[in-house]
Amino acid sequence: MAAEPIVLGIESSCDETGAGIVSGGRLLAHVVASSMDEHARFGGVVPEIAARAHLHSFDPVVREALGQAGLRPGQIDAVAVTTGPGLSGALQVGLAGAKALAYAIGVPLYGVHHLAGHVAADTLAHGSLPDPCVVLIVSGGHTSLLLVRDLVRDPIVHLGDTVDDAAGECFDKVARVFGLPYPGGPAVDRAAREGDPRAVAFPRPLTGSRDQPYAFSFSGLKTAAARWAEQHRDTPLPVADGAASLQEAVADVLTRKAVAACRDHGVGTLVVVGGVAANSRVRALAEERCAAAGIELRVPPMTLCTDNGAMIAAVGDLLVRTGAEPAPLDVSIDPSAPLEYAALHPVAAAPAPVPASAPAPAGTAA
């Protein structure tokens, strides 16, 4: 391998097919094909549609990434791919394509945890992560506060997770109640620009909890927003005020707990990643509160906040440079994988042995 290995990353956990190329911590290519428009008419992601979209997009996205970087397939030194968590069919497509590509080129394959990819996305914009740092991952399916040391060598410590809905899920579901389009996060953000964030006194869930100081809960907030909308059944719904107030409640809870986690653990850097990190109020309030607390705030550019292959390549690049073992040939997916380490190498279970006295299955030789 060259002194600076070149790693191709593949992401296909949900509705975006991403390919990115990273070498020595430098981003060489970043291409995403989204099937979001196909899901919008259903108000959410349809797994079968997502899987088919990945099948159609895989080759074009990889070719475009190679073209952006000015590389031939034979110049790739390793392939990294999301092996979980995510939609089962979508993950299978990405893994199958990555396996075929790695085999054809003759390079090692690395399985990567999707959420570790989000954490690593920040390194492409701001360099190596401080050791330690607190990371707030906030997206459509995940809301977690993590204590991160060496991302690819040390276990990732969960300070707190959502006990029900994720913040992005709350935005999506309330947006639908408010008559806003899918995806809900960007729609709420746009509508909130014209609203008053103090118009509706939405609750701040779990902010007074001593037992779960870093846990999140957005189900009750979602219900409160729906009940508020129901009160306007016979009058025009003030959508902008509702959106601004909802957004303020979410941003308040997220940033309050994240800053408290940094303070309580003596950590000087907060990293905010994931799709909801693109929300304007979350970014602004995090900036304001971190500045007041003397905490460095790091947030990736918006293009790296949502799902993408560059973040997976970033993890792969770190794994290769630290000498991590590649995935075995029979690496499989894990749609509900917990986040413990950046590398995620679940292995397919071997078929149970058939007892000698048992009859052979129908259609096979005895």
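I take two strands as paired if DSSP finds at least two bridges between them. Helices (H or I, at least four residues) and strands (E, at least two) are DSSP runs numbered from the N terminus.

**Entry 1: basis.** I note that this is a predicted model, in which local features need pLDDT of at least 70, side-chain atom pairs count only at pLDDT 80 or more, and totals for chains, interfaces and linings use all residues. Residues are numbered from 1 along each chain as its sequence is written, and side-chain values use heavy atoms, with hydrogens and water left out.

**Entry 2: sheet.** I looked up β1 (residues 6-11) and found it antiparallel to β2 (residues 16-23) over six bridges. Within this pair, Ile6 stands opposite Ser23 of β2. I then traced the open sheet of five strands, whose order is β3-β2-β1-β4-β5 with mixed pairing. Its edge strands, β3 (26-34) and β5 (109-113), each pair on one side only.

**Entry 3: helices on the sheet.** I recorded helix α3 (residues 88-105) lying across β1, β4 (78-84) and β5, at about 160° to β4. Helix α4 (residues 114-121) packs on the sheet and touches β1, β4 and β5, its direction making about 85° with that of β5. Angles run from 0 to 180 degrees between N-to-C directions, and axes are lines fitted to C-alpha atoms, for helices over the stretch in contact; contact means heavy atoms within 4.5 Å.

**Entry 4: helix pair.** I checked α6 (residues 167-177) against α8 (residues 219-230): their axes come within 10 Å and cross at roughly 10°. The two are therefore roughly parallel, a label for angles under 35 degrees. Cys170 and Val174 of α6 are among the contact residues, as are Leu221 and Ala225 of α8.

Conventions:
Parallel < 35°, antiparallel > 145°, perpendicular 65-115°, else oblique.
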